[in-house]
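Visitor: I'd like to learn how to read a cavity and a helix packing. Could you take me through them?

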Number of protein chains: 2
Amino acid sequence: MPKLPEMSGVTRRIAQARYKEWDRCDLTYIELAEGTSVAGVLTQSKCPSTEVEWCRKALLGGKARALVVNAGNANAFTGARGMEAVQRILSLASNHLDCCEEEIFVSSTGVIGEPLPKDRAEAGLNAAFMAEPCGWTEAAATIMTTDTFPKMATTRAIIGGKTIHLSGIIKGSGMIAPDMATMLGYVFTDATVDPGLLQDMLNAATAKSFNCITVDSDTSTSDTVLAFATGQHDAPALQSFDDPGADAFQAALNDLCMQLAHLVVRDGEGASKFIEIAVMGAESAESAKRIALSIANSPLVKTAIAGEDANWGRIVMAVGKAGEPADRDKLAIGFGGVTVARDGLVVPDYDEAPVAAHLKGDVIEISVDIGIGNSKATVWTCDLTHGYISINADYRS
Amino acid sequence: MPKLPEMSGVTRRIAQARYKEWDRCDLTYIELAEGTSVAGVLTQSKCPSTEVEWCRKALLGGKARALVVNAGNANAFTGARGMEAVQRILSLASNHLDCCEEEIFVSSTGVIGEPLPKDRAEAGLNAAFMAEPCGWTEAAATIMTTDTFPKMATTRAIIGGKTIHLSGIIKGSGMIAPDMATMLGYVFTDATVDPGLLQDMLNAATAKSFNCITVDSDTSTSDTVLAFATGQHDAPALQSFDDPGADAFQAALNDLCMQLAHLVVRDGEGASKFIEIAVMGAESAESAKRIALSIANSPLVKTAIAGEDANWGRIVMAVGKAGEPADRDKLAIGFGGVTVARDGLVVPDYDEAPVAAHLKGDVIEISVDIGIGNSKATVWTCDLTHGYISINADYRS
C-alpha cells in the first residue's frame, strides 16, 4: 500500500461503537474544512439503505463538513427504525460543527436487516469527537468489514503550476455470511472544485473504474462513492471542464478511482487471480461493456481461470449469451496476448504452452475481438474458488 | 426414475462412436415413423453450434424421420469443419431412410472448439443402423456427458376418449472441464399433432419449464429441445388449440417438460438442494420472472442456501439489483411458508427455528411478495457448493 500524504482540510478520527461483538474501532468520523465540495455516486439498487437515500438527498446541496462511516451493520431494510440512528448521527454532527444536516454524509456496511443501534452510534460518535486525529491507514482499516487488508490510493495533478493531491480509501469484497458485498469508497482532494463539476468528473471516472469491476455479479444495497474537495490548496479553482488544469485533475481522478477499484477486485472473496477482460471490435462501447461483463460474471469462465485452464470455449459461450451483436465466425480470443481462436475456430497448430504459462500467473489478461465494429471496453474481475464458497456458505451467520 | 412405456413409431438404437477415449455408447439414433411432426426450441446464444443452426433450418419443414445425438463433443465454434461431420450424418441417415435431409435432426454435446470427427460419426452411425433397438433408459444414458444419472419422464393425455402418451429424455448440468453446461431434451408422443400447433404448444410449455430453470446463469451454445409427434396412435389428430383434447395435450406436455426441467436442476453441478423461488405481487409476469431469476442466479443467495442460512438480506439485495419495479417498504419474504420479513423489515419477534428446520431439507421454498402488483412467476435452481468449484476448476481439461 502507498503511504498517503497528509491533506489539509481532512481530519480523521475513529472510535469503538461496538456495532458487533468485537474489539476494534468500527466508527470513522472525518471532518472536512468549511467550503468543501462534494459529489457522489450511489447504488442503483431498488432496495437501497437508509444511508444511501440520505446521501442522495444531501448531495443536492453540494457541500460537506463531515463523513461518518459505520462498519458491522448495513442498516439496510430496516425501515423507520433504521432512520432513527441516522437522524441521531446527523443531529449530533451538525450541532458539533454548527452546520446544516445536509452537510453530513453517512454510510453503513455490514449485516442487512438489523437497525443500526442508535445509542451505540451516539456514544461512538461522541467518543470520536473527543479522539485524537488518526492516520489514513487507521481510517481505511476502520471502514473494513471482512476485507483482508485496508485499501488506499493516492495521486496528484498540477493545476496552474500548483501540485494538488487526491487520496482515497475504499472497502469491499471480503465478507462473512450474512454480510453483503458492499463497496464504500471515499476520495479526498485539497483542490478547489465546483460541486457540479466534481460530480460530472466523478461520474466520468466511475464509469470506467467502479462500474467496470465485478466480483460475483451481486449488486449491493449500500454501494457508495463520495468525492470531497476541501479547497485548502491555493491552486486555481476549477469551475468547468474548460479551465486550465481541469483535464489534469480529471486524469488524476480517473487514475485514483481505477487504483481503488482494482484494490477491491484484488481482495475479492476467495480470489486467487486478478483478471482483466478487454473486448474490442464491438458495435458500440455499451455493447462491448455488456459482453465484457457477461464474460466477467460467468461462473464457468471464473472457475476455469481458478483451475488455470485456458478454456476459451467458455468465453465463446459467454459472448454468445450476452445477447449483444456478435458473429461467431468473426470472433477472436486471446490469453496474455496469445491468440487462441480466430474467425470462429481455434488457430491452426494451436500451442497451449505459452497460454498455460500465462494462466499460472496472478494477473490474467483475456482479450476478445468481436470483429464487427470499432468499439471497446475493459472490465476487471477475479476468479471463483473454493474460498468464495467457504466465505459465503460454510460459516453460518 | 419412472419406467417409460414403449411408444409406437419411436425406435431407439445406440452405438460407440468413440468421440472421447471412453468405453461407452455415445451415439444415439432414434428412428421416427413416417409422418412424424416436429417442433423445437433452440438456444438464443449468438454463438450457436452448427447442429443448432441445422435444427433451426430443418424445423421449417415440420417433419422428422430421425434424431442423431452425439455425446462427448459439442462441435460448437468449429466453423466449416464442424459442418462436415453434420453433413456426413445427414447424408447417411437420409439415404438409409430414403427421406430428405431436412427430416434428420442432429445434436452434439461436450467439449467446445474441436470439430466432431466425421469418420467416427460415420462409423458410429453405421453401427447404430445395424444395432438392435434398445430401451429408453439406454438412450437416456447415451446422451449423457457428465450427468450423474439418466433422466426420463412420462405422462399421458386423453384425446377423443383415447389415451395417448408423452415421454421424454433429457441431459444436462453435470460437466467436467472443459465441457459446457448443455441441455438437450427430447419429447416424444404417439399423438397426431400438426407441426405448427406442436410448435406453439412446445413454446408455451418451454416458457414455464426449461426457460424457468438455472444452474449457474451460463447459457449454452447448444441448448436444444425437440418434440416429435409420431401420429401412430388412433386418437383424433390435433390441428388447433380449439380441437377437443388440445387442452389435455397441452397440460400433459407442460407436465412432461416441467418434470424434465426439474431433473436437470436436481442434477445441477455440485447441487445439494433443489430451490423453488416464487415471486408474486410484481408489476408484470415478465418483471416477476426477472426478479425470480435475479434471486436464482445470485451467488450469494445460492451459497447461503448451501450453508443452510436463512439469509433473507441477500434476497433483498437480489430483488434490488434486478432493476425491476419494487418498493423496499412493501417487500415480504418467506422460507418454506414462514414469513420472515414484511413491509421492509424483519417480522416482529422473528423465530428462526422453523425456518432453520426448513433449510436443513433438500427442497427449499423461497417466496417473495413484491407488493405492488398482481403478477407472479416461479423459477427453479440449485445451491452453489464446493462441488461446483471442484467440477469446473479442480479438474483441468
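**The cavity, then the helices**

Guide: The largest cavity holds about 30 Å³ of space. This is a predicted model, where local features need pLDDT of at least 70, side-chain atom pairs count only at pLDDT 80 or more, and totals for chains, interfaces and linings use all residues. Residues are numbered from 1 along each chain as its sequence is written, chains are lettered from A in the order in which they are written, and side-chain values use heavy atoms, leaving out hydrogens and water.

Visitor: How many cavities of 30 Å³ or more does the search find?

Guide: Rolling a probe the size of a water molecule over the atoms shows where empty space is left. Here a search of the whole structure finds one cavity of that size, 30 Å³ or more. A cavity is a set of points on a 1 Å grid where a 1.4 Å probe fits but cannot get out, and lining residues have an atom within 4 Å of a point.

Visitor: Which element gives the largest share of the lining of the largest cavity?

Guide: Strand 7 of chain B, with three residues. Strands are DSSP runs of E, at least two residues, and helices are runs of H or I, at least four. The residues lining the largest cavity include Val187(B), Phe188(B) and Phe249(B).

Visitor: At what angle do helix 1 and helix 2 of chain A pack?

Guide: Two packed helices are described by the angle between their axes and the distance between the axes. Helix 1 (residues 50-58) and helix 2 (residues 79-97) of chain A pack at about 50°, with axes 9 Å apart. That makes helix 1 of chain A oblique to helix 2 of chain A, as angles under 35 degrees count as roughly parallel, over 145 as roughly antiparallel, 65 to 115 as roughly perpendicular and the rest as oblique.

Notes: Axes fitted to C-alpha atoms, helices over the stretch in contact; angles between N-to-C directions. 1 Å grid on protein atoms, 1.4 Å probe; cavity = no way out; pocket = protein on both sides within 12 Å on 5 of 7 lines; lining within 4 Å. Points joined across faces, edges and corners; volume = space filled by probe spheres on them.
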